[in-house]
Every structure is written in structure tokens, then in C-alpha cells.
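Subject: Structure handover and findings

Dear colleague,

Please find below the structure that I am handing over to you. My notes on what was found in it follow directly after.

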Amino acid sequence: MQADVAKVVETQTSLERQLELIETHQKEVDKALQSMEEEAERIFQDERVLLREDEAASARDIMYEQGEVVENELQHMTEQVKSIIQTMNSTQGGELEATDTMAPFDVAVRILDNQLRSLMWIDEKANEFSNRIQRLPNNSTAAERDSGIPRFWLS
């Protein structure tokens, strides 16, 4: 048993030396990478000055940056739309449940049909409110008496 313990201690010592060696190599690699990154940044800054002098390259860079912004906004909007669709689908209950036999196109048609019905309902309510608002000026004197709201607020 004592011999086994001695072997374990020897193996552990050997492992510790190897770990120290690996750590030393890792530090050297890290230093080399840092110097490469610094050199790359310096070269990039030097080239960027030259690129700024080139109007086409400058315009291209600006358009690329704007494209990235638009892409990020579109991704965000896509996620919002997906969330809204999922919320709408979950509130509709079993009506939009897809069965295994339904093709993805059929599911999309059901969802779009439901959304169309929702938009038509919103349009109907908007028309009702519009009609109510249009009738308000006709009844403005009665509305002023009943509500105490000045006439210019009603128009």
C-alpha cells in the first residue's frame, strides 16, 4: 500500500509539473495573441484612414453599417411578430391547433384567415368610432350642456 501511495504522489507531482508547463505555454500563447491583436488593430486603423479618403469605400462602409442596423431591427420585429402570432394562436384555443395531417401551408392559411378576421373586426370598430366622432359636431351644443366640455374640444 505504501508503494501505491508513493506512485500516486509521484504521478501527482509529475502532473503538477506538466500543468505548470502547460500554463507557461498558455501564457506565452496569450502574449503572442495580444501582440497580434494589437498589430491587427494598428493595421486596421492605418487602412481605415486610407479607406476614409476613398469616398466610395466610405459610403460602402456606412451603407453596410446601416444594413446591419436594419437587419437587427428586422430580426427584432420578426421575433415580436412571432410572439404576437403565438399569443393570438394560444388565445384562439383549439381552432388553430394543427393536426399531423395538415401541411404547413394549411396552418399558415388558417392563421392568416384568423388575422384577417381580427383586422376586419378592428376596421369595423374604427368605422363605428369614426361615425360617432362625426356625429359629435352635430350634437355639440347638447354635448356641451350634458358634459360641460367646451365646444372647441369636441371638434
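In what follows, a surface patch is made of residues that have over 30% relative accessible area and no salt bridge; nonpolar side chains such as Val and Met are joined into one patch within 5 Å. Please also bear in mind that this is a predicted model.

Val5 belongs to helix H1. The relative accessible area of Val5 is 47%, so this residue is partly exposed.

Overall architecture

The chain has five helices and zero strands. Read from the N terminus, its elements follow the order α-α-α-α-α. The chain consists of 155 residues, of which 6% count as buried. Its exposed surface comes to about 13,800 Å², and 58% of that is supplied by carbon and sulfur atoms.

Helix H1 and the annotated region

Helix H1 spans residues 2–53. The UniProt record, an unreviewed entry, annotates residues 15–42 as a "coiled-coil region". In the model, this span is 100% helix and 0% strand, and its end C-alpha atoms lie 40 Å apart.

Salt bridges

How many salt bridges does the structure hold? There are five salt bridges in the structure.

Lys27 pairs with Glu23 in a salt bridge whose closest N and O atoms are 3.9 Å apart.

Glu39 and Arg42 form another salt bridge, with 2.3 Å between the closest N and O atoms. These two residues are about one helical turn from each other, because they stand three residues apart in helix H1. Glu39 counts as partly exposed, as its relative accessibility is 35%. Arg42 is likewise classed as partly exposed, at 42% relative accessibility.

In helix H3, which covers residues 104–135, Lys125 and Glu128 are three residues apart, or about one turn of the helix. A salt bridge links Lys125 with Glu128, and the closest N and O atoms of the pair are 3.7 Å apart. Lys125 has a relative accessible area of 25%, so it is partly exposed. For Glu128 the corresponding value is 33%, and this residue too is partly exposed.

A patch of negative charge

Which residues gather in a patch of negative charge on the surface? They are Asp61, Glu65, Glu68 and Glu71. Asp61 is part of helix H2, which runs over residues 55–92. Why does Asp61 count as partly exposed? Its relative accessibility is 36%, and partly exposed residues lie between the limits of under 20% for buried and over 50% for exposed.

I hope that these notes are of use as you begin to examine the structure.

Yours sincerely

Terms used: Residues are numbered from 1 along each chain as its sequence is written. This is a predicted model: local features need pLDDT of at least 70, side-chain atom pairs count only at pLDDT 80 or more; totals for chains, interfaces and linings use all residues. Side-chain values use heavy atoms; hydrogens and water are left out. Patches are made of residues with over 30% relative accessible area and no salt bridge: like charges are joined within 9 Å, nonpolar side chains (Val, Leu, Ile, Met, Phe, Trp, Tyr) within 5 Å. Accessible areas come from the Shrake-Rupley method with a 1.4 Å probe; for residues, only the protein chains shown count as cover. A salt bridge is a side-chain nitrogen of Lys or Arg within 4 Å of a carboxyl oxygen of Asp or Glu. Lys and Arg count as positive and Asp and Glu as negative; His and the chain ends are not counted. The place of a charge is taken as NZ of Lys, CZ of Arg, CG of Asp or CD of Glu. Helices (H or I, at least four residues) and strands (E, at least two) are DSSP runs, numbered from the N terminus. Buried means under 20% relative accessible area, exposed over 50%, partly exposed in between (1.4 Å probe, protein chains only). UniProt positions are given in the numbering used here, feature names are shortened, and annotations may be inferred rather than shown by experiment.
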